[in-house]
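User: I'd like to go through this complex with you, a bit at a time. Here's what I'm looking at.

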Amino acid sequence: MKADEILSIVDKHEGDRGGLISIFEDIQAKYSYLPAEALKVVADATGRSPVDLYAVATFYKSFSLKPRGKHLCSVCMGTACHVRGAPVIGGEFARQLKVTPGETTPDKEFTLETVNCLGACALGPIVVVDGHYFSKVDSARVKQIIKKTRDGLDEAEIKADRRVYLLTVSCSRCNHSLMDPDHPIDGSPSIRVTASSGREHGWIRLSSLYGSFTVESEFGIRTDTIVDFFCPHCHAELKGASACPLCRAPMISMIVRAGGIVQICSRRGCKGHMLDLNGSGF
Amino acid sequence: MITLVINGLEVSVEEGTTLLEAAQFYGFPIPTLCHMEGLSPYGACRLCVVEIGEGPKAKLVSSCTYPAQEGLRVRTASSRVLQARKMILELMLASCPQSKTIQDLASAYGVRQQRFRQEYEDCILCGLCVRMCEEQMMAKAIGFRGRGQTRSIGTPFDIKSDVCRLCGGCIYVCPACQLRCTYTEPEKAICGGCANLSPPCVEKDPFDDMMCYMEPCVACEIDKN
């Protein structure tokens, strides 16, 4: 960990009052946890008291002060999943990974955590590993999920995808359709989202043909820059939970109308993408 | 000036006064725990609840954080208020039975039983020590950590704070603990101020029946080492 790396993150959010959570998110994205030294650097740089930083870091469940594993495995313990046997599944994960919820395996591969609701109660019990939803899980499938994750969920899926077909997608936050029939790309309605890169900000249109990488944008984006994508309706960032399997840049996730999630790499020019139709009957 | 009615008595107070200050100024007693003059109101213990409004719209509010409003009708000791207060005290007894302050309040407000699962916490998270440290001692050495069941008060990472001056203010204001001081574990010690006090039980020989309320006794622990 280098202090100047942390400082550059702090500088990025400078003047942003209450930007503490964004700073922590960026630090956590970089190191997978919030190192104690990083908190000290942030405290010095922002002039906040370490007590306040520690209070925020410990309050939110998404922040961890201990190093986390490569794969985050969340077992839903919400009411619907609970009555369908989530505690048994949580116990099975704990037994097989030999950790208790909230802990990381000694080989730093898995972090097991329980969450209170993932909002997909009809598909319960739900387990989410690195942004991949596994629905109607029973204890017999636990071993299979762990094995699949060790093999690499993303790589396995990209290899399997050699299809080209039309997708209808919507925002994962507000569920508004992102389709734009007025501006077809590749002869089919395009996907319109808002993109920002550096100081530039404007629309970007993607081809809705899965497997096509045709893109039109309002402003020029240099190859290899990572672009932030936003929903044009609710302005939520369309950030996915996982990193691109090809270049490790954050993935952009959108909901597929037919069910499931499609993720594309946020790096201009990278062709990392995946379609996750788990639990939707495909 | 704002005119309001407290327990049927029309009173006037300056703008910005809280209901608690108004009631206390006019001599209506309201018990408090997390309130202290000189510290910002926090509204954590809810012991200072009063009833405002009329009829079906009447509601309970914490008087220490509620500003006086023109024409407000306040009842500081209605049966609803007394009932709520008793329940709050009962819950506090359930979590922190060894606190002298809570015991005294419970006895004063006629709480004779405790129907909940008994716990033995040494903190009720009233935040007095946190505010004392920040607002009066200008240190910000301790703060809240975590949330929900695991919420606690202490220094970041449980390491002795650089900005702590061992003033002992946090212990002085604490209504719940005789044990916040953890001098016997120097790494975790919040203040270590007790090391500067004369041991309370050294001269207890002349008082055979005197009981030391500190358990484990700091002085005795030091003596043993």
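User: How many helices and strands does chain B have?
Analyst: Keep in mind that this is a predicted model. From the N terminus on, the elements of chain B run β-β-α-β-β-β-α-α-α-β-β-α-α. Sort that run by type and you get 6 helices and 7 strands.

User: Which element of chain B has the lowest mean pLDDT?
Analyst: Taken as a whole, chain B has a mean pLDDT of 81, and 78% of its residues reach 70 or more. Among its elements, strand S3 (residues 49–52) of chain B has the highest mean, 95. At the other end, with a mean of 56, sits helix H6 (residues 218–224) of chain B.

User: Where in chain B is the pLDDT below 50, and how many contacts does each stretch have in the model?
Analyst: There's one such stretch at residues 191–204 of chain B, and beyond near neighbours in sequence it has 26 contacts in the model. Another covers residues 206–214 of chain B. Where pLDDT is low, the predicted coordinates should not be read in detail. With that in mind, the contact count for 206–214 of chain B, again beyond near neighbours in sequence, is 6.

User: Which element of chain A gives the most to the side that touches chain B?
Analyst: For the complex, the predictor gives an ipTM of 0.73 and a pTM of 0.62. Where the chains meet, 9 residues of chain A are in contact with 10 residues of chain B. On the chain A side, 7 residues come from one element, helix H4 (residues 50–59) of chain A.

User: By class, what does that side of chain A have?
Analyst: Remember that helix H4 of chain A gives the most to it. Split by class, the residues of chain A that touch chain B are 6 nonpolar, 2 polar and 1 charged.

User: In which sense do S1 and S3 of chain A pair?
Analyst: Strands of a sheet pair through backbone hydrogen bonds, either parallel or antiparallel. Here strand S1 (residues 71–76) and strand S3 (residues 127–129) of chain A are joined over 3 bridges, and A:Cys73 stands opposite A:Val129 in S3(A). The sense of the S1–S3 pairing in chain A is antiparallel.

User: What angle do H1 and H2 of chain A pack at?
Analyst: On the H1(A) side you have A:Ile6, A:Ile9 and A:Val10, which meet A:Ile23, A:Asp26 and A:Ile27 in H2(A). By class that contact has 5 nonpolar, no polar and 1 charged residues. The crossing is right-handed. With their axes 9 Å apart, helix H1 (residues 3–12) and helix H2 (residues 20–31) of chain A pack at about 145°.

User: What share of the residues in chain A is buried?
Analyst: A residue is buried if 20 or more other C-beta atoms lie within 10 Å of its own. In chain B, buried residues make up 32% of 225. For the 282 residues in chain A, the share is 34%.

Methods
Residues numbered from 1 in each chain as written. Chains lettered and ligands numbered in written order. Predicted model: local features only at pLDDT ≥ 70, side-chain atom pairs only at ≥ 80, totals over all residues. pLDDT = per-residue confidence, 0-100. Helix = DSSP H or I, 4+ residues; strand = E, 2+ residues; numbered from the N terminus. Contact = placed C-beta atoms within 7 Å. Nonpolar A, V, L, I, M, F, W, Y, C, P; charged D, E, K, R; others polar. Pairing = 2+ DSSP bridges. Buried ≥ 20, exposed ≤ 12 C-beta atoms within 10 Å, placed from the backbone. Axes fitted to C-alpha atoms, helices over the stretch in contact; angles between N-to-C directions. Left-handed = near helix turned anticlockwise from the far one by under 90°.
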